[in-house]
Amino acid sequence: MAVTKHRRYLTRKEIRVAQRDDGPATVEALLSAFPEAARFTDEEAEDFLLVAIYLDWCSVEMARQLLQKVRIAVPAEIAFDAYRLGRHLFRHWGDPEVRRAVLARGVMDSDQALIARIIRRRNGYEIEDLVRRMSSPAFFAWVRQFGAPDLNELVWDLLNDKEQREHRTLVSMAKVIMHRLITEPEPPRRPTRWDQEKLARRLHLRDVQMRAMRKSVHHLRRERKALMVSLRERSQQERPELQALAAQLAGLRAARAAAQAAAAAELAEHAQRQEAELQRRRTELAHLRQDLAAGLAERQSWLTAGKGAPR
């Protein structure tokens, strides 16, 4: 499985902690700090560790395909980060259907020939080598998913006392990691490029509507002016109809005043809404620029740290 440089991992640091001499004491302290983690069974922790190790070693494309197989929507902003894809998957890990789908249609599909050979041969050297590479909890989950739990009894007997203690410590650490990943809140969505383009189109449409309304008001004023001129000319030419025209003019003036007041109120309300919308969008864009700048700075720090690290 391809592993990109300078990537973050879901479990690698915690596994190293659990494998230290003081690992059991450290994990016991973590369990005391997060007592809710004890609600998970050992088998659940082993299944979790199997999937987490798979995600730590697989490529971004494989991680993305795994989420697509189990019908978990992938936000665009994390689609090219295997670590964030893994964390996104484990926010859904509390759903039993998701767990079954990930194990059955994702991880288990990748190494069927290898596990079939291991189960058929039951070669101690092959098993020991695979357990060291996978970790014993992940191996137990792997074998159990393929319907050969009796092989785990053989593997357990192959482990010495130190390796058995390490197995229990890793299972406890997996419970702590699983509790943290399942319960962490969903991060706020960042606007994608498509969202920004959609916002720009909506703002453009609002500008077009505002210009159209201004043109309509201008045309109404011109029509009113032409009508007033026509009324004055007719009043001068047709003296007998002066009173009727005066009454008509008064009615028109009242209607005009009402229309102007309604149009002004609607225009002011629309302008106020648009100004609030523009201000909110400017704030969102400013926050987005800050987030992007922070992300670029963090990426630059990773690149700088990666270049300085020994190979």
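Trainee: Why is Asp-47 called buried?
Mentor: Buried means under 20% relative accessible area, exposed means over 50%, and partly exposed is in between (1.4 Å probe, protein chains only). Asp-47 has 13% relative accessibility, so Asp-47 counts as buried. Before we go on, this is a predicted model, where local features need pLDDT of at least 70, side-chain atom pairs count only at pLDDT 80 or more, and totals for chains, interfaces and linings use all residues. Residues are numbered from 1 along each chain as its sequence is written, and side-chain values use heavy atoms, with hydrogens and water left out.

Trainee: Which residues is Asp-47 in contact with, leaving aside its neighbours within four places in sequence?
Mentor: Contact means heavy atoms within 4.5 Å. On that basis Asp-47 meets Trp-93, Leu-103, Ala-141, Arg-144 and Gln-145. The C-alpha atoms of Asp-47 and Pro-137 are separated by 8.0 Å, although the two residues are 90 apart along the chain.

Trainee: Why does Glu-46 count as buried?
Mentor: Glu-46 has 6% relative accessibility, so the buried label applies. Not counting residues up to four places away in sequence, Glu-46 touches residues including Pro-137, Phe-140, Arg-144 and His-167. Glu-46 lies in helix α3, and Asp-47 lies in helix α3 too. Helices (H or I, at least four residues) and strands (E, at least two) are DSSP runs, numbered from the N terminus.

Trainee: How many helices and strands are in the protein chain?
Mentor: The chain has 13 helices and zero strands. Of its 311 residues, 33% count as buried.

Trainee: What makes a nonpolar core, and which residues touch the most other members in the largest one?
Mentor: A nonpolar core is a set of buried Ala, Val, Leu, Ile, Met, Phe, Trp, Tyr and Cys residues joined through side-chain atoms within 4.5 Å. The largest one has 57 residues, and Phe-48, Leu-55, Leu-89, Phe-90, Trp-93, Val-102 and Phe-139 touch the most other members. Helix α3 (residues 42–57) gives the largest share of this core, nine residues.

Trainee: Why are α2 and α11 called roughly parallel?
Mentor: Angles under 35 degrees count as roughly parallel, over 145 as roughly antiparallel, 65 to 115 as roughly perpendicular and the rest as oblique. The axes of α2 (residues 23–33) and α11 (residues 161–183) cross at roughly 30° and come within 9 Å. The two helices are therefore roughly parallel to each other.

Note on methods:
Axes fitted to C-alpha atoms, helices over the stretch in contact; angles between N-to-C directions.
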